[in-house]
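Hi there,

Here is the structure I promised to pass on. Have a look, and my notes follow below.

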Amino acid sequence: METILEVNGLTMDFGGLRALDHLNIDIRRGEIVALIGPNGAGKTTFFNCITGIYLPTQGDIIISPPKAEGTHKRERINGLKPNQVTEKGMARTFQNIRLFPNMTVLENVMIGRHCRTRAGVAGAIFRNRAMVREEQSIVDDSFRVLEKIGLARYVNDQARNLPYGAQRLLEIARALATEPFLILLDEPAAGMNPQETHELDELITRIRDDEGISILLIEHDMKLVMSLSNRIFVMDYGKKIAQGTPEEIRNNPVVIKAYLGEEIDA
Amino acid sequence: MMPTLSEIKKSFLVSLWFMFLTFPIMVIRVNTTEKLVLWRWENMAYMGIGSFLLSFVWRYMLWRKETGKKDSESGTLQLPSFFERILSDRRYIVPATAAGIALVAIFPFVMDTYQTNIMITALMYIVLGLGLNIVVGLAGLLDLGYVAFYAVGAYTYGLLNHHFGLGFWTVLPIGAVMGAFFGILLGFPVLRLRGDYLAIVTLGFGEIIRLILENWNEFSFGPSGIAQIARPSLFGIQLSLSSSIIYLYFVMIGMVLFTIFVVNRLQNSRIGRAWIALREDEVACQAMGIDKTRTKLTAFALGATWAGMVGVIFAAKTTFINPASFTFLESAMILAIVVLGGMGSIVGVSIAALILILLPEYLRAFSEFRMLIFGAIMVIMMVFRPQGIVANVRRSYKFQPDKHS
Ligand SMILES: Nc1ncnc2c1ncn2[C@@H]1O[C@H](COP(=O)(O)OP(=O)(O)OP(=O)(O)O)[C@@H](O)[C@H]1O
Ligand SMILES: [Mg+2]
C-alpha cells in the first residue's frame, strides 16, 4: 500500500525545550497506526505540528492523498493553516474535548461540512435554489454521519449537555464530516468506561473498513492500542524510540524501560 | 425552605458592616461654627435596615436561581423568562403580532412629533443592536468601537450631501459600503486579538475616528459639525417637517424589518454557523476547516454595514451632525442592548433596545439616577440572567428515522 503521510526529521522547539526531535513517521493507506509514549513525550505536539496549529522548527510533512485512479500527488504541507490542512484531508480530534458547546450536536457536525461547501453571504441572504439544495445536503450528510457514529438520538441536543463518552464520539463525527483520508485521534478513549472503549474499538475499525479512512491515534489504553493497531510508534522525550507491530512493541526492552516498568499487557 | 437562619445572619452581618463603614459620613456631623458634634443615629438605622433588606433580597434571588437550576437539571437548564413564555405560546403569538402591526401602523398618527422622534431613535438602536449582535453575539468578537461605523455612515451622508447635494436614498447604500469598508479596515489589524485585547483596540479605533472628525477641520468641519443636511425625500418631493418625520418613521420600520430578515437568514446559514463556531472555540473552528481570517472579516464587515446605514439615517433625521454624537457612551449603549437582550437573539435585542431607549425618555423625572439605575439593571441581569432577556435558541431539525437508513 502506498504511503499517504510522510514525516521526515520533524523538530519542534519551545524556547529551550525540544518537544519533538527529528521525528520520522509514515502512514500507509488503510492502516490504523498508534502513537504511544509517556506523559509529556510530545505526542500532542506532533499532532499540532502536522495539523498546522504549530509551525515546526524543522522537517518536512508530506501528504499523498489517495486518488481513485491510483495517481497520487506528493505535497509538502508545512506552513499551511489548520483549516487548509483539514481541507487537504487530514482531520483531528482533541485530547481535551473541544466541541462547540452551545451549538446543537447536528450543528457541530455541520461545521465539519463547511470546507466542502461554498455558500457565501449572498447565498445566505437570497437563498437561491443552489444554496437551498446545498444547505439541505449539509443537513442530510451531517445526519448520516451521526447515524453512523450512533449519535442520531442526540441530534438537536446542545453539545454541552451530552454525556462524556458521547462528546468524544461527537468529536470523531465532526472530523469525519470533513471527508478526510486520514483521521488523527488524540486519546479518544480517555475517560471512557470499558464498555464504551470496546464500542470505540469497533467504531474505529468500522471507519477504516467501511470508509477506507486511515487512522493515527494517540492512546494510553494499551489494551485498545494492541487490539486495534497495525503498527505502533513509541515516543519518549520528543524522540522516536521504537516502531513495529504490536507483537514487537510488547516485547521491546527499550519501550518497557521508557514506561519505567509500567506493565504493557493486553 | 429558603429563608434559613444562616441567611438572615449573613444579611445581618452585611448590614452591620455597612453601618460601620458609613458611620463617619452618615452619622457624625461636625458643625465648625458652633463647635458642635451632631450625632445622627437615625441615619445609621436607615442604613442598617436598607442594607439588610437589599442583602436579603439579593440572597433570596440567588437562592431562587440555584433551585431553578436544580429543578431542571436534566432538561433545559434555565427557566424561561416572561418574554420567552409569550413567544413560545401559539395562542398569544397571532393576536400579539396583529396588535403589534396595528400599533406600529397608527403610532405616528396618534402620537405627537416628539414621541415619534423618540420611537425613530429606538428603532435606530434596534438596527444598531442587531448589527453589533453579529460581531459580539454571533462571532464573539468584543467590539467597543462600534460607534465609529455609525459616525462613518453619518459623515458619509453629511459630506456627500453638503458638497455634492446627493440625496438620502443615493447615499444609504454608499453608507452601507463605507461601513463595511471601515469594518474590514478595523478587522485586519485585530485579526490576531481576542477578548479584552480586542476590546481595548476597538475602543481605541472608535476614539481615533472621533478625534479625526474633531480635529481635521478641512475635512469634517471639526467640532462645529455639518448643518442643514437634507431630510429624506419621497420620490423627489420635499416633505414638511412633521410629515417627513412620519415618513422617516416608516423608513425605519422598513429598515428594522429588513435587518431582522437578513440577520435571521445569516445566522442560520453556513456563514452564521461559522461565526458561532468561531465564538465557541477558535482553535477547534480552524481545525474543522473554517478560515478564521475570512470569517472574522465578514463578521466585522457585515456588522459595520448596519451601523453605516443607521448613521446615514441619523444624519438625515437630525439634519446636523458633529463628533459629540459619536462618543464611547454610544458604543457602550449599543453593547448594553446586545448583552441585555441576549447574545445572538434577534427578539431579545429588539426588546432590549426598546427598553433601554424608551424607558429613560419616559422616566425623565429620575434623570439624575439614570446611570445608576442603568448600572444596577446591568449588574442584576448579569448575576441572575446572564443569557439575556431572550436566550438564543439554536434551530432544531426534524428527521424521519427511516429516511436515511
Ligand atoms: N505551547 C507550548 N509551549 C511550551 N511548551 C509546550 C507547549 N506545548 C507543549 N509543550 C511541552 O512539550 C512537551 C510535550 O507535550 P505534549 O502535550 O505534546 O505531550 P503528550 O505526549 O501529548 O503528553 P500527554 O500524554 O500528557 O498528553 C511537554 O513538556 C510540554 O510541556
Ligand atoms: Mg497529549
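In chain A, 4 strands make an open antiparallel sheet in the order E2-E1-E4-E5, where strands (E, at least two residues) and helices (H or I, at least four) are DSSP runs numbered from the N terminus, and two strands pair if DSSP finds at least two bridges between them. Strand E2 (17–28) and strand E5 (75–76) are the edges, each pairing on one side only. E5(A) is joined to strand E4 (residues 58–63) of chain A by 2 bridges, and Glu75(A) is the bridge partner of Ile63(A).

This is a predicted model: local features need pLDDT of at least 70, side-chain atom pairs count only at pLDDT 80 or more, and totals for chains, interfaces and linings use all residues. Residues are numbered from 1 along each chain as its sequence is written, chains are lettered from A and ligands numbered from 1 in the order in which they are written, and side-chain values use heavy atoms, without hydrogens and water.

Now the metal. The magnesium ion (ligand 2) has Thr44(A) (OG1) and Gln95(A) (OE1) as protein donors, 1.8 to 2.1 Å away; donors are N, O and S atoms within 2.8 Å of the metal (3.2 Å for Na, K and Ca), and sites may look incomplete because water is not among the atoms. Thr44(A) sits in helix H1 (residues 43–50) and Gln95(A) in the loop between strand E6 (90–92) and helix H3 (105–112), 51 residues apart. Thr44(A) is partly exposed at 25% relative accessible area, and Gln95(A) is also partly exposed, at 30% (buried is under 20%, exposed over 50%, partly exposed in between; 1.4 Å probe, protein chains only).

Best wishes
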